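Hello,

Here is the structure I said I would hand over. My notes on it follow below.

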Amino acid sequence: MPEQLTLYLHQLSPYSQKIELALVEANALYKAYQVDLWNKPEWFASIVNTVGKVPAVTYGGPDVDPEDPSPLSAKIAESNVILEFVADLYPDSGLLPKDPIQRANVRFFINATAKHVEELFYAFLRGQAPYEKVLEGIEFIQGLLEEGRDFAVGDHYTIADACITPHLARLKIVIETDLGNYAVGMGYKLGEELKRPKFAKFMKYLERMLGRPSLKQKHDEEFVITFFKTRFTERVQ
C-alpha cells in the first residue's frame, strides 16, 4: 500500500496537470496543494523543491499538513520523473507497461512530446515560431501513433498519454480562440491546417484524450482561457 503522497502544483501548469492525470488514472489517494507561483511560500523552496518549481511531490513520512512537510518524507521533482514514480507506485495501473520494449516506447514518446510538441507549440504561443513548426512537430508525433489503437503506446492508457494531454488541451484552446502572442489569426490558421486529412490520425487521438474522464475532472478550460486573455494582451495585427 503506497504511503502518503502530496502533490504540489499550480492549476495553470500543464506539467502539474499531467501528474494529476496519472494519479487519477491510477485511482491514487493523494493530497493536492496549490502553490502561489507569484508569491511562493518560503518553506516550499527550502523544503519541498529547492528550485522552486511545480510540480513536486512528497512521499512517505507522517501524514502532515502540506504547508508543514516532514523532513522524513522523500521529495521528488521534475514532471517526467514524477510520472515514472507514480507508475512505479501503482504497477497494476498499466501506466507503464511491463514489456521492456513497450516501456522504451513510452519513454521515447515522452521524449518526443518534449521536443516536438512542448518546445514548438509554446514557442508559437509566445510568438517566437511560426505555426508551420507546430505542424511539423505534430506530424512527427502522428507518425508514432499506430493505426487502430486508442493510445500513444499499446492498448492501455500510459504516462505517455498523460504527458501529452495537457498540451493537447491548450492546443485546442489556441485553435478555437486564437489566443496567443502570435499574429492575429494564426491560431485559427493552425486549426484550419489541422482539419486537413493529413492530420486525421492525430486529431482523432486528440479527441480521445480530451474526452477522458480524468481530463474532464482536472482541466478547467475556462480558467485557462481567462488567463490567456490577460496574458496575451498585446497582439501583432
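**Cavities**

The largest cavity holds about 50 Å³ of space. This is a predicted model, so please read everything below as computed from it. Two cavities of 30 Å³ or more are present in the structure.

The lining of the largest cavity consists of His116, Val117, Phe121, Val134, Ile138, His167, Leu168, Leu171 and Phe202. Helices H4, H5 (131-144) and H6 each give at least two residues to that lining. By class, seven of the lining residues are nonpolar and two are polar, with no charged ones.

The second largest cavity has about 30 Å³ of space. Around it are Gln4, Thr6, Tyr8, Thr58, Val64, Pro66, Pro69, Ser70 and Ser73. Here the lining has four nonpolar and five polar residues, and again no charged residue.

For the open spaces, the largest pocket has a volume of about 590 Å³. It is lined by 20 residues, and Leu12, Pro14, Tyr15, Tyr122 and Phe227 are the closest to its centre. Two or more lining residues come from each of helix H1 (14-25), helix H4 (100-125) and helix H10 (221-231). H10 gives the largest share, four residues. The lining of the largest pocket divides into twelve nonpolar, three polar and five charged residues.

The second largest pocket has a volume of about 150 Å³. Among the residues that line it are Lys172, Ile175, Glu176, Tyr188, Met203 and Leu210. Helix H6 (159-177), helix H7 (186-194) and helix H8 (200-210) each supply at least two residues of this lining. The classes here are six nonpolar, one polar and five charged.

**Aromatic rings**

There are eleven aromatic pairs in the structure. Phe121 and Tyr122 form an edge-to-face pair, because their ring centres are 5.0 Å apart and their planes stand at 65 degrees, and over 60 degrees counts as edge-to-face. Phe121 counts as buried because its relative accessibility is 3%, under the 20% limit. Tyr122 also counts as buried, at 11% relative accessibility.

Phe151 is buried, with a relative accessible area of 14%, and Tyr157 is buried, with 3%.

Elsewhere, Tyr8, Tyr33, Trp43 and Phe44 are linked by ring pairs into a cluster. Tyr8 also lines the second largest cavity.

**The sheet**

An open sheet is formed by four strands in the order S2-S1-S3-S4, with mixed pairing. Strand S2 (31-34) and strand S4 (74-77) are the edge strands, and each of them pairs on one side only. On average, neighbouring strands of the sheet are turned by 20 degrees against each other, with direction ignored. Strand S1 (residues 5-9) and S2 run parallel and are joined by four bridges. Leu7 stands opposite Ala32 in S2.

**Backbone details**

Which two residues are joined by a cis peptide bond? They are Val54 and Pro55, with omega at about 5 degrees. Pro55 lies in the loop between helix H2 (42-48) and strand S3 (56-59).

Asn27 has a positive phi, near 55 degrees, and is a residue other than glycine. Asn27 is found in the loop between H1 and S2. Is Asn27 buried or exposed? Asn27 counts as exposed because its relative accessibility is 66%, and the limit for exposed is over 50%.

Glu78 is not a glycine either, and its phi is positive at about 75 degrees. The loop that holds Glu78 runs between S4 and helix H3 (79-89).

Regards

Methods:
Residues are numbered from 1 along each chain as its sequence is written. This is a predicted model: local features need pLDDT of at least 70, side-chain atom pairs count only at pLDDT 80 or more; totals for chains, interfaces and linings use all residues. Side-chain values use heavy atoms; hydrogens and water are left out. On a 1 Å grid over the protein atoms alone, a cavity is a set of points where a 1.4 Å probe fits but cannot get out, and a pocket is an open set with protein on both sides within 12 Å along at least five of seven lines; lining residues have an atom within 4 Å of a point. Grid points are joined across faces, edges and corners, and a volume is the space filled by probe spheres set on the points. Ala, Val, Leu, Ile, Met, Phe, Trp, Tyr, Cys and Pro count as nonpolar, Asp, Glu, Lys and Arg as charged, and the others, Gly among them, as polar. Rings of Phe, Tyr and Trp (its six-membered ring) pair if their centres lie within 6.5 Å; planes under 30 degrees apart count as stacked, over 60 as edge-to-face and the rest as tilted. Buried means under 20% relative accessible area, exposed over 50%, partly exposed in between (1.4 Å probe, protein chains only). Two strands pair if DSSP finds at least two bridges between them. Axes are lines fitted to C-alpha atoms, for helices over the stretch in contact, and angles run from 0 to 180 degrees between N-to-C directions.
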